[in-house]
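Morning, everyone. Let me put the model up, and then we will walk through it.

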Number of protein chains: 2
Amino acid sequence: MSRSRQKSLTPRQQVVLAIFRQSSIPLTPQEAWEAAIRDSPGIGLATVYRAVRILTEAGELRPVEIADEIPRYEMASGPHHHHFYCRKCTRIYEVHKCPPRLDDLVPQGFKMDDHSIVLYGTCRSCLGDRATTD
Amino acid sequence: MSRSRQKSLTPRQQVVLAIFRQSSIPLTPQEAWEAAIRDSPGIGLATVYRAVRILTEAGELRPVEIADEIPRYEMASGPHHHHFYCRKCTRIYEVHKCPPRLDDLVPQGFKMDDHSIVLYGTCRSCLGDRATTD
DNA sequence: CTCATTGCAAAACGTTTGCACAAAA
DNA sequence: TTTTGTGCAAACGTTTTGCAATGAG
């Protein structure tokens, strides 16, 4: 199960990958397209979708699934991390820690190769915005 | 932020909720509709979608998001648990343990009210099916 | 009567595919 | 020439919405 790309990327795929590499947060295909247009006017939305799918299959990108949100993607390389989703401002924050003893969750005889954790709640700036409302 | 339903459920909403209550696995709206038709012939797919959305907002149902899969829903009540997704047979298993020290992941000043964990890998029966392939 | 519920069809939305054209080999 | 990459538009599957018909109060 190879994670590295086997073939060189097409020009458009390189553009799309660069967008994700430059972004500090996960992007929807639509958001990536809007960013890509600035670098490469004329690039088509379908091309971005194709690139995202291919880059994901190649292990370059990883999907980030948040409840009731459009799927987003981020670089699969770089430090392993999870996400905090603020229900109020809908922003996504990276969480750079992992809980211990995750292997204990895996049922007998199963083999885990990956895991994803999403924390839901309210971020600090949204908590600060509130006066006394509760 | 009340989680309990404030108004009584409509007949169709009760039907849909019963489907999820009887199911041992998360269901897509489509799957819930196919099950609901057996109990209540003539129920419309849109009605099931409406019920799922309302029941989710009312805290009766909870979305289960798996990478690259259609969103499923399950009862929000009952024992807290997570999910193991087998990439081979695409089945979803419940995981009835929680990792310790999850609060340590929450960034300073943030407030977490929920979390979701999905483990990815291969289930026991799929591992058993394989002979020596690796 | 008025209001809430629901089925149906159409619309809307995100995503994929078919295809023709252009560029590269 | 053949092959590859791409934009565009159409198709597709999922979800939401408009609206008329029904039934309850």
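Start at A:His82. This residue lies in strand β3 of chain A, residues 82-86. Helices here are DSSP runs of H or I with at least four residues, strands are runs of E with at least two, and both are numbered from the N terminus. A:His82 is buried, at a relative accessible area of 3%. Buried means under 20% relative accessible area, exposed means over 50%, and partly exposed is in between, with a 1.4 Å probe and protein chains only.

What does A:His82 touch, leaving out residues up to four places away in sequence? The list is A:Tyr93, A:Glu94, A:Val95, A:Lys97, A:Cys98, A:His115, A:Ser116 and A:Ile117. Contact means heavy atoms within 4.5 Å. With A:His115 there is also a polar contact between the side chains, at 3.0 Å. A polar contact is a pair of N or O atoms within 3.5 Å; within protein, one must be able to donate a hydrogen and the other to accept it, and residues adjacent in sequence count only if both atoms are side-chain atoms.

A word on the ground rules. This is a predicted model: local features need pLDDT of at least 70, side-chain atom pairs count only at pLDDT 80 or more, and totals for chains, interfaces and linings use all residues. Residues are numbered from 1 along each chain as its sequence is written, chains are lettered from A and ligands numbered from 1 in the order in which they are written, and side-chain values use heavy atoms, with hydrogens and water left out.

Now chain A as a whole. It has four helices and five strands. From the N terminus the order is α-α-α-β-β-β-β-β-α. The C-alpha atoms fill a box of roughly 50 × 45 × 25 Å along the principal axes. Of the 134 residues in chain A, 41% are buried. Take contacts between residues at least 6 apart in sequence: 51% of them join residues at least 24 apart.

Next, the backbone. Most residues other than glycine have a negative phi. A:Thr90 is not a glycine, yet has a positive phi of about 60°. It sits in the loop between β3 and β4 (92-95) of chain A. A:Thr90 is partly exposed, at 39% relative accessible area. In chain B, look at B:Arg101. Its phi is positive too, near 60°. B:Arg101 belongs to the loop between β4 (92-95) and β5 (111-122) of chain B. Is B:Arg101 buried or exposed? Exposed, with a relative accessible area of 56%.

On to the pairing of the chains. Two copies of a chain are related by a rotation about an axis and a shift along it. Here, chain B can be laid on chain A with an RMSD of 0.2 Å, by a turn of 179° and a shift of 0.0 Å along the axis. The superposition is by least squares on the C-alpha atoms of residues with pLDDT of at least 70 in both copies. That is the relation of a two-fold axis. In chain B, the C-alpha nearest the axis belongs to B:Ile117, 2.3 Å from it. The same surface serves both copies, as 100% of the contact residues of chain B recur in chain A.

Now the DNA, strand C to begin with. How many residues surround DNA strand C? The count is 15, and the closest are A:Tyr49, B:Thr10, B:Arg12, B:Gly44 and B:Thr47. A residue is near a strand if one of its heavy atoms lies within 4 Å of it. Sugar and phosphate make up 74% of the atoms of DNA strand C that come within 4 Å of the protein.

Look at the phosphate oxygens of strand C. One is 2.3 Å from a side-chain N or O atom of A:Tyr49. B:Thr10 places a polar side-chain atom 2.8 Å from a phosphate oxygen. B:Gly44 uses a backbone N or O atom, at 3.0 Å. Elements giving two or more residues to this surface are α3 (45-57) of chain A, with α1 (11-22) and α3 (45-57) of chain B.

Last, DNA strand D. It is surrounded by 15 residues, the closest being A:Thr10, A:Arg12, A:Ile43, A:Thr47 and B:Tyr49. A polar side-chain atom of A:Arg12 lies 2.6 Å from a phosphate oxygen of DNA strand D. For A:Thr10, the side-chain distance to a phosphate oxygen is 2.8 Å.
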